[in-house]
Amino acid sequence: MKKYIQPILTTLLFLFSVNSFATTYDWRGTTDTSWATASNWFPATGVPSTGDVVTISSHTKMPLLVANTTISQITMTSGTLDCNGLTLTITSTSSFNGGTINNGTVICSGTSTLTFAGTTFGAAVNATGNSIILNGSKFNSTFTAVKKGTSNDNGSGGNYFSGAV
């Protein structure tokens, strides 16, 4: 009997760990604008959620949040994300290198690096991280930053703030 327990436990551990890996999703907007439609993402195996990594770039149909959403990481290079009055929470690295995020709240939290380098925000931004780099983004709503780390962050400036900071 004992000789069967170890293979069974090993198999169960493998099955549970396979489902715990994060998926990297790229926005394609193949079907419509809904964040919650799996066929809008590559791979089309699901919808980004807690623990997943997201990349957003320009496509004909751009993402629209349909519920408050939490993901692990985001890279935005172009295009528009409409938060639809909802909240997008990112719990690790955030790289906003272009594009626009409107109509809601973006919460970046954790102990990672948050880079704001060219994205225009019509959404409110709450940023808490060990390193916050500000390199030419526009903040047309409120912007709150809490730096937790001790590093010297060298942003190039050129940011625009029209809301409360």
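Residues are numbered from 1 along each chain as its sequence is written, and side-chain values use heavy atoms, with hydrogens and water left out. Because the model is predicted, local features need pLDDT of at least 70 and side-chain atom pairs count only at pLDDT 80 or more, while totals for chains, interfaces and linings use all residues.

The chain has 15 strands and 1 helix. Both are DSSP runs numbered from the N terminus: helices are H or I with at least four residues, and strands are E with at least two. Buried residues make up 33% of the 165 residues in the chain. Here buried means under 20% relative accessible area, exposed means over 50%, and partly exposed lies in between (1.4 Å probe, protein chains only). The accessible surface of the chain comes to about 8,500 Å². Carbon and sulfur atoms account for 55% of that surface. Areas come from the Shrake-Rupley method with a 1.4 Å probe; for residues, only the protein chains shown count as cover. Contact means heavy atoms within 4.5 Å. Of the contacts in the chain with a separation of 6 or more, 14% join residues 24 or more positions apart.

The largest nonpolar core has 28 residues. Such a core is a set of buried Ala, Val, Leu, Ile, Met, Phe, Trp, Tyr and Cys residues joined through side-chain atoms within 4.5 Å. Trp-35, Ile-56, Phe-96, Ile-101 and Phe-116 have the most contacts inside this core. At least two core residues come from each of strand 1 (24-27), strand 3 (53-56), strand 5 (73-76), strand 6 (80-90), strand 8 (100-108), strand 9 and strand 11 (124-129). Strand 6 gives the most, with 4 residues.

The structure holds 12 aromatic pairs. Rings of Phe, Tyr and Trp (its six-membered ring) pair if their centres lie within 6.5 Å; planes under 30 degrees apart count as stacked, over 60 as edge-to-face and the rest as tilted. Phe-96 and Phe-121 form an edge-to-face pair, at 5.2 Å centre to centre with 80 degrees between the planes. Phe-96 lies in strand 7 (residues 94-96) and Phe-121 in strand 10 (residues 120-121), so this pair ties together parts that are 25 residues apart in sequence. Both Phe-96 and Phe-121 are buried. Phe-116 and Phe-139 are also paired edge-to-face, with 5.7 Å between centres and 65 degrees between planes. Phe-116 belongs to strand 9 (residues 113-116) and Phe-139 to strand 13 (residues 138-139), so the parts tied together are 23 residues apart in sequence. Phe-116 and Phe-139 are buried. One aromatic cluster is formed by Phe-96, Phe-116, Phe-121, Phe-139, Phe-143 and Phe-161.

The disulfide count is 0, where a disulfide is a pair of cysteine sulfur atoms within 2.5 Å. Cys-83 is buried, with a relative accessible area of 0%. Cys-108 is buried as well, at 0%.

The peptide bond from Phe-42 to Pro-43 is cis, with omega near 0 degrees. Pro-43 sits in the loop between strand 2 and strand 3. Asn-84, in strand 6, is not a glycine but has a positive phi of about 60 degrees. Asn-84 is partly exposed, with a relative accessible area of 42%. Asn-103 lies in strand 8. Its phi is positive too, at about 60 degrees, although Asn-103 is not a glycine. At 44% relative accessibility, Asn-103 counts as partly exposed.

Ser-34 is placed in the loop between strand 1 and strand 2 (41-42). Ser-34 counts as buried because its relative accessibility is 16%. Its side chain reaches the backbone nitrogen of Ala-36 at 3.1 Å. Neighbours within four places in sequence aside, Ser-34 is in contact with Trp-27, Asn-40, Leu-64 and Val-66.

Asn-130 occupies the loop between strand 11 and strand 12 (131-134). Asn-130 is partly exposed, at 27% relative accessibility. The side chain of Asn-130 reaches the backbone oxygen of Thr-111 at 3.0 Å. Asn-130 and Gly-149 are 19 residues apart in sequence, yet 3.8 Å apart in space, C-alpha to C-alpha. Leaving aside neighbours within four places in sequence, the contacts of Asn-130 include Gly-110, Ser-112, Lys-147 and Asp-153.

Definitions and conventions: Polar contact = N/O pair within 3.5 Å; in protein donor to acceptor, adjacent residues only side chain to side chain.
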